[in-house]
Amino acid sequence: MPLKLLCVIAHPDDECFAFGGALALAADRGVETSVICLTEGTAGSYRGTATSDAELAKLRRSEFAASCDILGVHHHEFLNDPNVYLDGKLEFVSLSELASGLVARIRDLRPHVVITFGQDGGLNTHADHTSVSAATTAAFHWSGSPKRFPHLGPLHSPQRLFYVTTSFFLPGRLNPMPAPWTLTLDIRSVFDRKQAAFQAHTTQSPLELQTRPVFAEHGQDEHYALAAITTPQPATQSTNMFEGIAE
Ligand SMILES: [Zn+2]
C-alpha cells in the first residue's frame, strides 16, 4: 500500500504557495497525495475577469484543479461540496462542524501524514488559516478516537501532523509568530513546478508577481513544525517528512 499524505487548506492557491514543495516531492516519491480545500476563495481582492462571486468561484475551482495537476496531487476536493464554507468566515463555523467533516474525510482517505497551517495563520496571518489549523488539528486527534463521531466511518489515526512554518517574512505585511521548524525540505528539484502551480492561479497573478522575488530568494526550502507523533520523543531536526512512518 502506498504512503498517503493529506494536505488541508483554506483557499485555492494555499496548496501551492504554502505546501507545493511538500506535495510535489511526495508525489515524486510515489506517495499518494490528497488536498482538501475549505473555501472557494471568493473573498480574495484579486478577482481576475470575474464579475460575481459565482464566476470567481468557478474560475478558482478550475485554477485549483490545474495547480493540483501540476503538483502531481492524486485527489483534490472541497470540504462539504457543494455547500463549501465561505472565504473569510471560517472562524464563525463551529470547531465541531469543521472537524467532524474532516474526521469523515480522514477516516475515508486514511493518510499516514497530515499537513496544514499553524495557528499563526501562515505568512499572511489569515484568520481562515488559523481556523483550518484548529479544525485539522482536532480532526487529526479525533479521527482515531472511538469517543468522537463514531458514526463517521472506521477509525483511523494518521501518524504525523505537521504545520507549515517559515524562515522568512513577506515584506510590508504584519509578521506572523511562526512555530520553530523541525523539518526542512529541500524543494529545489520541484521549485519550478511549485512556481508553475502558483501561476496556474491566473486570478491571483498580481499576488504571484508580488511574491515571486521573495520566493526566488528564500523559497528553495519549505519548513514544517512537527505537531503530533505516535510515540513520546524530543523534537529533532529532519529532512524527510516520512521518516519513521509505518506503512
Ligand atoms: Zn489562504
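I counted the rings of Phe, Tyr and Trp (its six-membered ring) as a pair if their centres lie within 6.5 Å, with planes under 30 degrees apart called stacked, over 60 edge-to-face and the rest tilted. The model is predicted, so I kept to its conditions: local features need pLDDT of at least 70, side-chain atom pairs count only at pLDDT 80 or more, and totals for chains, interfaces and linings use all residues. Side-chain values use heavy atoms, with hydrogens and water left out, and residues are numbered from 1 along each chain as its sequence is written.

**Rings**

I found six aromatic pairs by this rule. One of them joins phenylalanine 19 to tyrosine 224 and is tilted, at 6.4 Å centre to centre and 35° between the planes. Phenylalanine 19 sits in the loop between α1 (14-17) and α2 (20-28), while tyrosine 224 lies in strand β7 (residues 221-229), 205 residues apart; helices (H or I, at least four residues) and strands (E, at least two) are DSSP runs numbered from the N terminus. I noted that ring pairs link Phe19, Phe117 and Tyr224 into a cluster.

**Helices**

I then looked up helix α4 (residues 95-109) and helix α5 (residues 127-142), which pack at an angle of about 50° with their axes 8 Å apart. The axes are lines fitted to C-alpha atoms, for helices over the stretch in contact, and angles run from 0 to 180 degrees between N-to-C directions.
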